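This briefing goes through a protein model topic by topic. Please read it beside the sequence and the structure.

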Amino acid sequence: MAADYYGVLGIGRDATADEIKKAYRKLARELHPDVNPDEVERMKEVTEAYSVLSDTEKRQRYDLGGDPFGGAGFGGGGAGFGGLGDIMDAFFGGGTAGGGRGQRSRVRHGADVLVGLELELDEAAFGASKDVSFDTAVLCGQCQGSGTAAGTHPETCKTCRGRGEVSQVQRSFLGQVMTSRPCPACGGAGSTITHPCAGCGGEGRLAERRTVTVKVPAGVEHGMRIRLTGEGEVGPGGGPAGDLYVEVVEKPHPVFDREGADLHCKVTLPMTAAALGTTVTLRTLDSTEDIVIKAGTQGGTVLPLRARGMPRLRSAGRGDLFVHVEVVTPGKLDDEQEELLRQLAKLRGEERPPGTPSGGLFGRLRDAFAGR
């Protein structure tokens, strides 16, 4: 059986909802941690009692001798001490930043840093070691993060007397209540640095330009980030450093376009070479390839070169290289070249290409222009 919740609140078993609320508010004013810091445990009991008796279903289970929390027990079902802060804030407001009370550490975790790193395509393909430089906060060498001058220490804050917070009496519908907030003089630390370090001015860190060597893995892509743990900004008070994130910026390549692990390039051929066939020498990322262009190759043909693309970052193997063939038609012919082409067209029966419209309106228009 749970505690005597009615006795905790000092009310009878036939108390109405308004009487329960009134009794709780009266005790909450008396037992508020800012008024009676030694009554925390009793305040927990009062809060638990109120959470049960103010809930119709919980009160009914309690009156019948059952577990008001349905088996969850104190702290597991909803009336635990963790809920005290929410209830107290609802009535009294305030509290220190972050939900806690009392002193806050002067030492805090540092921020992460993001820098960009430009890479050539071959560096992204096969990996590289690159230096990146950036401005950040580093540990002060004079005070090693303490922020105090040599031979001195932080002193108890005179404003809050070491509590890290200051209290203020306010009037509300409950009467006079006391609220707390972080001490403005010490920022909630409970102590002040009277003799700050000459190097960092009491911050425990100072600005500096750092250079870090980054090992770029083979196969990285544009926009990917490489994380270097603990290489970021040192925190206030010499706190642990954040992480450094290096974002890959891949430079455009004059020959290849990248799509994931695959590469694409274009080979331009004159019409005669495409018709007769030829061999083209192509410099890939790591070798020289002779590409055979078969006779009669059409513009737009794509020739795949297997495993000549980028290494795959998280798996074995490489992507492919796709060679796109572009056929160029001569734009200007001398008389001899034009005559030779006409002879070729005649031999192939192509004076009138198959794609030329014949008959009907288009045929009449063509014949009219041909007779001019």
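Four strands form an open sheet in the order β10-β11-β15-β14, and the pairing is mixed. The model is predicted: local features need pLDDT of at least 70, side-chain atom pairs count only at pLDDT 80 or more, and totals for chains, interfaces and linings use all residues. Residues are numbered from 1 along each chain as its sequence is written, and side-chain values use heavy atoms, with hydrogens and water left out.

**The four-stranded sheet**

- Strands β11 (residues 262-270) and β15 (residues 321-328) pair in the parallel sense over eight bridges.
- Threonine 268 has glutamate 326 in β15 as its bridge partner.
- Two strands are said to pair if DSSP finds at least two bridges between them.
- Helices (H or I, at least four residues) and strands (E, at least two) are DSSP runs, numbered from the N terminus.
- Angles run from 0 to 180 degrees between N-to-C directions, and axes are lines fitted to C-alpha atoms, for helices over the stretch in contact.

**The three-stranded sheet**

- Another open sheet has three strands in the order β1-β9-β8, with mixed pairing.
- β1 (113-119) and β8 (225-228) each have a single partner strand, so one side of each is left without a neighbour in the sheet.
- Neighbouring strands of this sheet are turned by 25° against each other on average, direction ignored.
- β1 and strand β9 (residues 244-250) run parallel and are joined by seven bridges.
- Valine 115 has valine 246 in β9 as its bridge partner.
- In general, strands of a sheet pair through backbone hydrogen bonds, either parallel or antiparallel.

**The β12-β13 hairpin**

- β12 and β13 form a hairpin, with four residues between them.
- Strand β12 (residues 278-283) pairs with β13 in the antiparallel sense over six bridges.
- The bridge partner of threonine 279 in β13 is valine 292.
- Buried means under 20% relative accessible area, exposed over 50%, and partly exposed in between (1.4 Å probe, protein chains only).

**Helices α3 and α4**

- The axes of helix α3 (residues 40-53) and helix α4 (residues 56-63) come within 6 Å and cross at roughly 100°.
- α3 and α4 are therefore roughly perpendicular to each other.
- Angles of 65 to 115 degrees count as roughly perpendicular, under 35 as roughly parallel, over 145 as roughly antiparallel and the rest as oblique.
- Ser51, Val52 and Leu53 of α3 make the contact with Lys58, Arg59 and Tyr62 of α4.
- By class, the contact of α3 with α4 has three nonpolar, one polar and two charged residues.
- Ala, Val, Leu, Ile, Met, Phe, Trp, Tyr, Cys and Pro count as nonpolar, Asp, Glu, Lys and Arg as charged, and the others, Gly among them, as polar.
- Contact means heavy atoms within 4.5 Å.

**Lysine 215**

- Lysine 215 is found in strand β7 (residues 205-216).
- With a relative accessible area of 70%, lysine 215 is exposed.
- Leaving aside neighbours within four places in sequence, lysine 215 is in contact with Ala128, Ser129 and Ile226.
- Alanine 128 and lysine 215 are 87 residues apart in sequence and 6.0 Å apart in space, C-alpha to C-alpha.

**Loop residues with positive phi**

- Glutamine 144 is not a glycine, yet has a positive phi of about 55°.
- Glutamine 144 lies in the loop between β2 (128-139) and β3 (155-156), and counts as exposed at 54% relative accessibility.
- Arginine 161, also a residue other than glycine, has a positive phi near 60°.
- The loop between β3 and β4 (165-172) holds arginine 161, which counts as exposed at 73% relative accessibility.

**The chain overall**

- The protein chain has nine helices and 15 strands.
- Of its 372 residues, 33% count as buried.
- Among contacts in the protein chain with a separation of 6 or more, 63% are between residues 24 or more positions apart.
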